[in-house]
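Welcome! Take a slow look at the sequence and the structure shown here, and then let us walk through some of the contacts together.

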Amino acid sequence: MTSASEPAHVTATREDGAAAPDSYQRAAIIGGGVIGISWAALFLAHGLDVVISDPRPDIEELVLAALDEITPTLAELGLPTENLTDGLTFEADLATAVADVDIVQENGPERLELKQRIWQTIEQAAPARALLASSTSGIPATAIAEAMRQPERLIVGHPFNPPHLVPLVEIVPGEKTSEGTVQQARAFYTALGKEPQVLRKEIPGFVANRLQSALFRECVHLVAQGVVTEQELDDVVTASIGLRWAVAGPFRTFHLGGGPGGLPHFIEHLGRAMESEMWPALGNPTFDDATVALLAGQAREAFGEGTVAELAAERDRAQIALMRALGGTPDSADTHRA
């Protein structure tokens with residue numbers, strides 16, 4: 001383990017040079033599931049005190065066990081891990097948990113009515129200085145903030161799982177989210193070594209999940225139709241578009257595929273055929289009993305030898321190696337502490 005020698009707060013600086021705010025010392029994590037625990041690990045490794053609010057009676061045991069599994073990845077990223085949980089506390093009462101924090105990262109169930117109730121309580125109890133962010137994977141901030149008195153304070157800060165490792169955070173403002181809140185969120189996540197991307201428009205599911213969902217739909221179709229097995233499909237992806245998209249996204253890839261004429265040439269000569277022949281032929285599978293049974297059976301064959309924790313650790317090691325090769329590890333990002 002490395003030594004946690006840095007002071008216990010993070011300073012985030014906006015693009016205009018102003019502090020937003022001057023420092024973050026205490027964070028509230030609402031919901032102690034997979035995403036909440038991952039956020040907690042990242043916040044703790046960056047020196048923030050973290051309070052987790054979750055009503056489950058066994059939440060402390062679950063969180064501490066998960067943090068033990070995450071700690072080697074944090075260390076591999078060059079983040080301090082010694083005495084990682086010294087700044088961690090638990091508070092089941094939501095209002096009490098957020099009463100004196102600088103950032104609230106909500107990770108509750110994906111139910112609009114529940115999120116609205118949660119945020120009504122948070123808004124009333126959290127300090128005016130606090131950044132208010134939801135990790136929702138698809139509900140727009142506009143809908144969540146409908147019951148809030150100050151909807152301009154709420155923003156979506158949607159991570160790509162797991163947040164302590166994968167750099168992307170989709171920042172999605174609602175219709176009434178203030179520009180100051182957007183800048184504050186961008187600065188905060190950047191200071192944590194993340195790569196925030198502000199979406200220009202609200203759309204259900206945001207961007208990364210919509211792309212993932214579209215590709216997975218065709219994956220399910222191809223496996224259900226017997227074209228390939230799950231393992232074979234995974235091998236196809238990791239040996240082709242997975243590698244390619246890691247260094248150049250879809251548009252850059254097809255721009256390069258168009259030769260000297262770039263993307264316009266690609267669209268004219270290959271894109272038209274893609275539109276007329278391939279797009280209409282894409283599958284539209286459903287998760288009926290037969291399909292679920294097929295997918296579950298193949299998953300047992302392909303992944304059954306290792307536990308999920310072991311497979312995740314293997315994935316994380318490979319992910320870190322790839323990120324380092326691309327020069328994009330979180331520990332190489334521009335982080336600010338004071």
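**Salt bridges**

The count of salt bridges comes to eight, where a salt bridge is a side-chain nitrogen of Lys or Arg within 4 Å of a carboxyl oxygen of Asp or Glu. Before we meet some of them, a word on the source: this is a predicted model, in which local features need pLDDT of at least 70 and side-chain atom pairs count only at pLDDT 80 or more, while totals for chains, interfaces and linings use all residues. Residues are numbered from 1 along each chain as its sequence is written, and side-chain values use heavy atoms, with hydrogens and water left out.

| Salt bridge | N to O distance |
|---|---|
| Lys115 and Glu106 | 2.4 Å |
| Glu110 and Lys115 | 3.4 Å |
| Glu268 and Arg272 | 3.4 Å |

Lys115 turns up in two rows of this table, with Glu106 and with Glu110. Is Lys115 buried or exposed? Lys115 counts as buried because its relative accessibility is 0%. Here buried means under 20% relative accessible area, exposed means over 50%, and partly exposed lies in between (1.4 Å probe, protein chains only). Glu106 is buried as well, whereas Glu110 is partly exposed, at 39%.

Helices (H or I, at least four residues) and strands (E, at least two) are DSSP runs, numbered from the N terminus. Glu268 has 46% relative accessibility and counts as partly exposed; Arg272 has 46% too, and is also partly exposed. Elsewhere, Asp100, Asp102 and Arg129 are linked in a network of salt bridges.

**Aromatic rings**

Let us turn from charges to rings. A pair of aromatic rings is described by the distance of the centres and the angle of the planes. Rings of Phe, Tyr and Trp (its six-membered ring) pair if their centres lie within 6.5 Å; planes under 30 degrees apart count as stacked, over 60 as edge-to-face and the rest as tilted.

How many aromatic pairs does the structure hold? There are six. In one of them, the rings of Trp39 and Phe43 have centres 5.5 Å apart and planes at 40°, so this pair is tilted. Both residues belong to helix H1 (residues 34–45), and four residues, or about one turn of the helix, separate them. Trp39 is buried, at 0% relative accessible area, and Phe43 is likewise buried at 0%.

Trp39 also pairs with Tyr189, again in a tilted arrangement, with 5.6 Å from centre to centre and 35° between the planes. This pair links distant parts of the chain, since Trp39 is in helix H1 and Tyr189 is in helix H6 (residues 179–191), 150 residues apart. Both partners are buried. Trp39, Phe43 and Tyr189 belong to one aromatic cluster, which Tyr24 and Phe188 complete.

Helix H13 (residues 308–325) has 18 residues, and at 1.5 Å a residue it should span 26 Å; its end C-alpha atoms are 26 Å apart, which agrees. The expected span is 1.5 Å times one less than the number of residues.

Which residues of H13 are buried? They are Asp316, Ile320 and Met323. These residues cover an arc of only 70° around the axis, so they are on the same side of H13; the arc is that of the directions from the helix axis to the C-beta atoms. Arg317 and Ala325, on the other side of H13, are exposed.

**Loops**

Where is Phe287 found? Phe287 is in the loop between helix H11 (262–278) and helix H12 (289–303). Phe287 counts as exposed because its relative accessibility is 56%.

Lys176 lies in another loop, between strand S7 (168–173) and H6, and is exposed at 59% relative accessibility.

Leu79, in the loop between helix H2 (59–76) and strand S3 (88–90), is buried at 8% relative accessibility.
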